[in-house]
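Take a moment to turn the model around on your screen before you read on. We will begin with a single residue and then widen the view.

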Amino acid sequence: MADTKAKSGLLLDIRNLRIEATVFPPGEPPKNIVLVHDVSLTLEKGKVLGLIGESGAGKSTIGLSSMGYGRGGVRITGGEVILNGRDILKGGKDGFRKLRGREVCYVAQSAAAAFNPAHRLMDQVVEATLLHGTATRAEAEKRAVALFKKLSLPNPETIGERFPHQVSGGQLQRVMTAMALCSEPDLIVFDEPTTALDVTTQIDVLAAIKDAIRDTHVAALYITHDLAVVAQVSDEIMVLRHGRLVEWGGTRQIIKEPRQEYTNALVSVHEIEHQEQKPGTTPFLSVKNVTAAYGRSDIKVLKNVSVDIYPGQTLAVVGESGSGKSTLARAITGLLPPEAGTVTFDGRPLANRLADRPKEDLRQLQMIYQMADVAMNPRQTVATIIGRPLEFYFGMRGRERDRRVTELLDKIEMGKGFSDRYPAELSGGQKQRVCIARSLAAKPKLIICDEVTSALDPLVAHGILELLLELQKEENVAYLFITHDLATVKSIADSIAVMYRGEVVRYGPKSKVLSPPFDAYTDLLLSSVPEMEIGWLEKAIKGRRMASAGN
Amino acid sequence: MSSPILKLVAQRVALGILLLLAVSVLIFAGTQILPGDVAQAILGQSATPESLANLREQLGLNQPAYLRYFHWLGGVLTGDLGTAMSSGQDIATSIKGRLWNTLFLAFWAAIVAVPLAIILGLIAVRYRNGWVDKLISGLALASTSFPEFFIGYVLVYFFAVKWQIFPGISTVYDGMPFGERMQAIALPAAALTLVVLAHMMRMTRAAILNVMQSAYVETAELKGLSAFNVIRKHAFPNAIAPIINVVMLNLAYLIVGVVVVEVIFVYPGMGQYLVDHVTKRDVPVVQAVGLIFAAVYISLNIIADIAAIVANPRLRHPK
Amino acid sequence: MLDIKRIPIPALIGIVLTALFVLAAVFAPWIAPHGNGEIVGDVWEPMSAAHLLGTDNLGRDLLSRMIYGARITLFIAVLATALSFSLGAILGFSAAVFGGWFDTLLSRLVDLLMSIPTLIMGLVVLSVLPTNLVTLILVMGILDSTRVYRLSRAVAVDINVMDYVEAAKLRGEGSGWIIFREILPNALSPLVSELGLRFIYAVLFLSTLSFLGLGVQPPDADWGGMVKENKDGIVFGIAAALIPAAAIALLAISVNLVADWVLNRTTSLKGGRG
């Protein structure tokens with residue numbers, strides 16, 4: 001591909017890059033592992049290349065190699081990194097120092113951690129510019145303020161006076177982008193710049209970054225695991241897996257006509273066909289006017305929340321961080337007794353406190369957690385973890401119990417061989433499957449799923465969602481599915497409750513909730529979810545401006 | 001602007017004073033816990049009834065404990081530490097010179113130990129996982145295992161007896177010339193330094209490492225700052241509070257080491273005074289000296305906390 | 001799980017040396033060439049074939065004294081550690097699991113005790129208590145239990161908020177299962193390593209007290225007491241006092257090496273894979 005392009009416009013040319021690291025497995029001699037295998041790429045001036053892949057794909061490692069940087073013991077052991085016509089790997093430490101912060105700048109995933117808490121933002125934003133002597137302090141500060149304005153930061157004249165902890169996460173991410181742009185580099189490496197943000201904040205930051213790239217003609221490597229996001233900002237996309245190149249092409253080609261099976265799998269992740277079930281006549285679990293707060297605080301985390309769950313169906317609770325969706329789960333399970341309101345189960349009220357509930361009620365409500373690795377006792381084998389509910393609720397012992405454990409392992413598509421393993425010996429997806437088996441072992445009517453897929457890579461998460469739907473059909477179990485991800489909701493829900501600041505702002509069957517007319521918040525939320533569609537970002541931002549103009 | 005800091009500092013100081021009061025109760029109670037009679041225990045089974053009665057009178061044992069406590073506390077607050085039972089001397093007078101001697105010794109030990117520990121800690125971080133780091137950690141492990149008197153007597157054995165460079169017994173007196181005084185305290189100060197050095201170094205290393213591994217240090221490196229500037233501008237301002245904390249905690253540790261070191265070198269300080277009077281079961285002296293040690297220890301801990309409060313930008317520049 | 005070949009060399013050295021010390025202590029009367037108080041020669045004889053480590057300040061065989069000293073040192077240190085550990089761990093675990101006023105009261109009391117250096121508090125208390133083994137063990141054990149309390153409480157509090165403990169509570173498990181099956185197995189390794197450190201501390205604390213003349217009383221002597229007995233020889237160039245002092249250091253280092261290894265094993269287990 002590189003050969004077909006005019007050499008004059010070439011900014012970055014990475015050839016046969018090989019990156020290794022030394023790992024120290026406990027109790028074993030240190031060994032070398034290869035993180036990146038002979039990857040080559042080119043980037044023209046002013047263009048954006050998206051690097052995409054799951055965790056461990058080597059995308060950040062490749063991005064940082066353009067600055068000659070390796071995190072914690074990571075070494076570039078082969079290939080060339082040609083930037084502005086010279087191989088920077090031959091330049092040595094001084095050479096790296098001269099290009100970092102001047103030719104190439106970096107925007108990290110967590111700006112909150114990447115800013116020094118001891119210095120004012122302005123000092124940090126202009127630091128690289130002053131260091132490389134490309135502008136005087138006054139000029140640099142003027143440039144910074146202009147960038148703050150361009151990135152739509154509030155109070156652009158004075159925000160530089162603040163310290164990092166005085167500014168919100170989304171704003172910090174924009175300040176960091178301004179910091180990268182301030183020294184007018186040729187290339188910026190964006191390393192998952194919006195991943196840590198809530199979806200409604202992400203869209204603004206994304207739009208700001210895109211405008212800034214366009215207006216300053218800077219080239220960028222945009223690293224993310226989210227294809228829909230990268231499709232909005234990049235000209236080309238490179239798909240990576242286990243440190244190897246899978247596919248590289250124009251954005252449209254990658255998302256519309258992927259040539260490789262793996263790319264196709266990544267693109268189609270978001271689509272599960274799930275036929276909505278009509279709500280039955282009687283819900284088996286009703287939450288009525290529940291209000292809750294932590295401690296004796298006046299701040300109510302749940303305000304007057306009412307929802308119903310029907311047998312064998314899925315209620316998805318959607319909201320951003322701080323919306324109270326996880327608190328709702330804690331109120332239903334009795335971990336956080338509500339201050340007011342009731343939870344009825346099978347027509348009778350459930351005791352508020354966990355300690356007051358009979359064993360049978362506990363059995364009927366099971367829970368699956370976001371972080372599977374801390375949801376299992378690391379000192380128990382899979383057989384003990386899955387077998388305990390069988391012993392505890394049904395008094396199963398010995399062979400009977402083992403047989404049932406094997407059955408459950410089959411259900412979650414894991415073999416009998418796993419029963420003697422410890423959680424640390426399982427992959428992320430396998431851990432979550434074991435947690436699912438543990439909750440199924442109790443033969444519950446309801447399983448509460450608290451962000452069960454958000455810590456997993458998209459393909460693995462996809463597998464978990466399919467498994468959950470399959471199990472729902474077989475076992476006729478209902479789910480209360482808590483998530484911040486609307487794509488997941490569309491795939492699995494029968495009805496949806498949208499939560500915002502402790503309140504349910506919209507509630508009903510999926511088809512109704514997801515079709516207009518919308519209330520303001522749901523509209524904002526829905527319009528913020530990136531779609532794998534070129535030009536979606538512009539449309540969404542425009543739609544939003546019209547809406548606010550209409551108000 | 002600085003009012004939340006002032007408030008926090010004031011709270012911490014108030015808490016410290018409260019703690020000190022509680023400690024005084026504890027020390028007082030600690031000398032009353034003997035089942036039976038202190039006087040009996042002091043004089044032994046063969047004591048005559050008259051001498052027992054005399055001692056009880058002298059100790060004020062005829063009064064209830066809480067009255068004796070308030071009496072004692074009132075004295076302490078007005079600078080009257082009581083009189084020693086064994087010698088009849090005024091405790092405050094005896095302590096004055098000794099306190100000065102102990103502080104003098106601890107001061108010089110700290111002057112050597114603190115910079116040395118910080119520099120060695122920095123070196124350990126700079127060459128992390130290299131042989132220097134391993135050597136330093138190994139020595140640290142060894143020296144935390146050494147009893148103070150082992151270090152002390154090894155120093156005496158070689159420097160005082162074999163090579164005869166420094167005196168093995170640290171005699172000091174009023175009006176002693178500074179040079180001679182320094183020579184006299186050379187070995188005890190060295191012993192004290194070695195006692196706290198390893199621990200302080202290990203903690204400094206951990207504190208700096210913690211800061212060096214943070215994301216903002218990476219940001220600074222990716223701006224093209226030199227290694228020196230990364231440390232000076234970005235790591236140091238954030239490492240200073242934890243380092244002060246480490247130093248203060250170890251100075252507190254130093255005042256415990258001083259007790260044993262003074263006994264080894266027969267140095268006329270607070271530690272030796274305390275040990276002597278514990279052996280003599282001279283309760284008023286033990287109470288007074290114990291309280292002073294506890295007060296110094298608590299004050300150092302308060303300073304460490306205040307340093308952490310003041311150095312925290314979140315508190316210095318509230319939202 | 002324990003393969004001798006996979007134990008790192010420092011830990012192996014630590015284990016062997018610790019075992020030797022323990023053997024010497026247990027079989028003291030059979031190993032020691034002479035009796036504990038038996039005067040067999042001149043004062044401070046140098047090392048010789050007859051007296052491998054020479055003789056002490058009264059002309060007793062130093063090697064025999066060392067072996068009997070190991071017995072007393074280890075005996076007191078083990079009992080004091082056992083006391084501090086059982087007291088500290090039981091109270092710490094209970095405070096973490098039950099919480100409430102019980103936790104607050106105990107924690108404030110421990111804060112108070114820890115705001116005075118242990119040696120100073122020990123000296124204050126010993127100034128009025130009779131000097132005997134029971135007092136010594138009680139004082140050492142109780143003062144040191146504050147540290148065990150803090151650690152075990154912190155460890156248990158950390159584990160108590162883990163999702164797998166919450167899962168067990170949601171299942172309806174009683175506090176017996178939660179403490180013994182969920183929390184204890186995960187708290188054990190850090191506690192075992194701490195046990196080693198507390199033991200070292202007990203040895204050092206006992207030696208210091210005896211060295212100051214407030215610990216084991218003559219004619220019996222632990223190693224710290226032996227340093228005190230022989231310290232006057234130092235100024236004449238007689239190294240007899242350094243031998244028990246070195247023995248203390250060696251024992252402490254050995255146990256430290258073992259504890260370090262246990263701690264590393266623990267942290268690497270926690271990391272796991274993926």
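**A walk through the model**

C:D103 sits in helix α4 of chain C, which covers residues 100–114; helices here are DSSP runs of H or I with at least four residues, strands are runs of E with at least two, and both are numbered from the N terminus. Please keep in mind that this is a predicted model, where local features need pLDDT of at least 70, side-chain atom pairs count only at pLDDT 80 or more, and totals for chains, interfaces and linings use all residues. Residues are numbered from 1 along each chain as its sequence is written, chains are lettered from A and ligands numbered from 1 in the order in which they are written, and side-chain values use heavy atoms, with hydrogens and water left out.

Is C:D103 buried or exposed? With a relative accessible area of 12%, C:D103 is buried. Buried means under 20% relative accessible area, exposed means over 50%, and partly exposed lies in between, using a 1.4 Å probe and protein chains only. Which residues does C:D103 touch? Leaving aside residues up to four places away in sequence, C:D103 touches C:A95, C:Y149 and C:R153, where a contact means heavy atoms within 4.5 Å.

Now step back to the whole of chain C. Chain C has 10 helices and 0 strands, and its C-alpha atoms fill a box of roughly 75 × 50 × 30 Å along the principal axes. Of its 274 residues, 56% are buried. Among contacts in chain C with a separation of 6 or more, 69% join residues 24 or more positions apart. The accessible surface of chain C is about 11700 Å², and carbon and sulfur atoms supply 70% of it; such areas come from the Shrake-Rupley method with a 1.4 Å probe, and for residues only the protein chains shown count as cover. Chain C also carries 18 positive and 20 negative charges, whose mean positions are 8 Å apart. Lys and Arg count as positive and Asp and Glu as negative, while His and the chain ends are not counted; each charge is placed at NZ of Lys, CZ of Arg, CG of Asp or CD of Glu.

Chain B can be described in the same terms. How many helices are in chain B? There are 13, together with 0 strands. The C-alpha atoms of chain B fill a box of roughly 85 × 60 × 40 Å along the principal axes, and 50% of its 319 residues are buried. Chain B exposes about 15000 Å², with 67% supplied by carbon and sulfur atoms. Its 21 positive and 15 negative side chains have centres that lie 16 Å apart.

A disulfide is a covalent bond between the sulfur atoms of two cysteines. A:C182 is in no disulfide, and the nearest cysteine sulfur, that of A:C105, is 8.9 Å away. A:C182 is buried, with a relative accessible area of 0%.

Finally, consider confidence. pLDDT is the predictor's confidence in each residue, from 0 to 100. Chain A averages 88, and 96% of the residues score at least 70. Over residues 1–7 of chain A, however, pLDDT stays under 50. Where pLDDT is low, the predicted coordinates should not be read in detail.

Notes:
Disulfide = S-S within 2.5 Å.
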